[in-house]
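Colleague: Hi! I'm new to this one. Could you walk me through it?

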Amino acid sequence: MVHARAADGDFVLRCEALAIQARVTVDFEDRPITRDDTRSREQLRNLSQKAGTANHSVYGLTYAQARMAYALRSTALTGPDGAMCVVPSLKVTVGLQDLTVYLARELTQPCRRAIVEAHEQEHVAVWRSHLRAGARLLEP
């Protein structure tokens with residue numbers, strides 16, 4: 001019986017050593033911007049799903065779709081009495097499935113186009129910074 005207890009103690013020590021290897025990692029995965037300058041202001045207004053007022057036109061639109069994926073890996077030990085010790089490792093990836101910036105085809109004047117482009121880049125920056133921050137908050 002002493003032999004069985006020594007084996008059980010060894011199993012407990014190996015299980016504790018294995019438990020130290022448990023990991024949760026969270027990564028932000030960025031993606032390049034897709035550009036679309038082929039749509040009219042009317043088409044962009046319809047894409048935005050907002051009814052504009054008489055003095056409001058949609059010259060630019062940023063569409064982003066967030067995504068999250070995970071991979072779970074586990075390592076297991078089986079003790080001499082059939083007891084099991086299972087330790088997981090989880091990798092979560094937060095990112096963008098789609099990131100498209102639309103500029104209305106009516107934007108032909110370079111100065112106006114640059115202003116709308118800069119505004120849409122602010123939306124891109126917000127999406128990216130929120131998802132990066134979310135990834136950091138998930139890890140602890």
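Modeller: Happy to. Strands E3 and E4 make a hairpin with five residues between them, and glycine 82 in the turn has a positive phi of about 95°. Strands here are DSSP runs of E, at least two residues long, and helices are runs of H or I of at least four, numbered from the N terminus. This is a predicted model, where local features need pLDDT of at least 70 and side-chain atom pairs count only at pLDDT 80 or more, while totals for chains, interfaces and linings use all residues. Residues are numbered from 1 along each chain as its sequence is written, and side-chain values use heavy atoms, leaving out hydrogens and water.

Colleague: How many bridges do E3 and E4 pair over?

Modeller: There are 19, in the antiparallel sense; two strands pair if DSSP finds at least two bridges between them. One example is glutamine 65, whose bridge partner in E4 is aspartate 98.

Colleague: And E1, parallel or antiparallel to E4?

Modeller: Parallel, with seven bridges joining E1 (residues 23–29) to E4 (residues 84–103). Valine 24 stands opposite leucine 90 there.

Colleague: What about E2 and E4?

Modeller: E2 (residues 34–36) pairs with E4 in the parallel sense over three bridges, and threonine 34 has threonine 100 as its bridge partner.

Colleague: New topic: which helix gives the most to the lining of the largest pocket?

Modeller: H3 does, with six residues. H2 (41–48), E3 and H3 (110–138) each supply at least two.

Colleague: Which residues lie nearest the pocket's centre?

Modeller: Ser48, Val58, Gly60, Leu61 and Thr62, out of 19 lining residues.

Methods. 1 Å grid on protein atoms, 1.4 Å probe; cavity = no way out; pocket = protein on both sides within 12 Å on 5 of 7 lines; lining within 4 Å.
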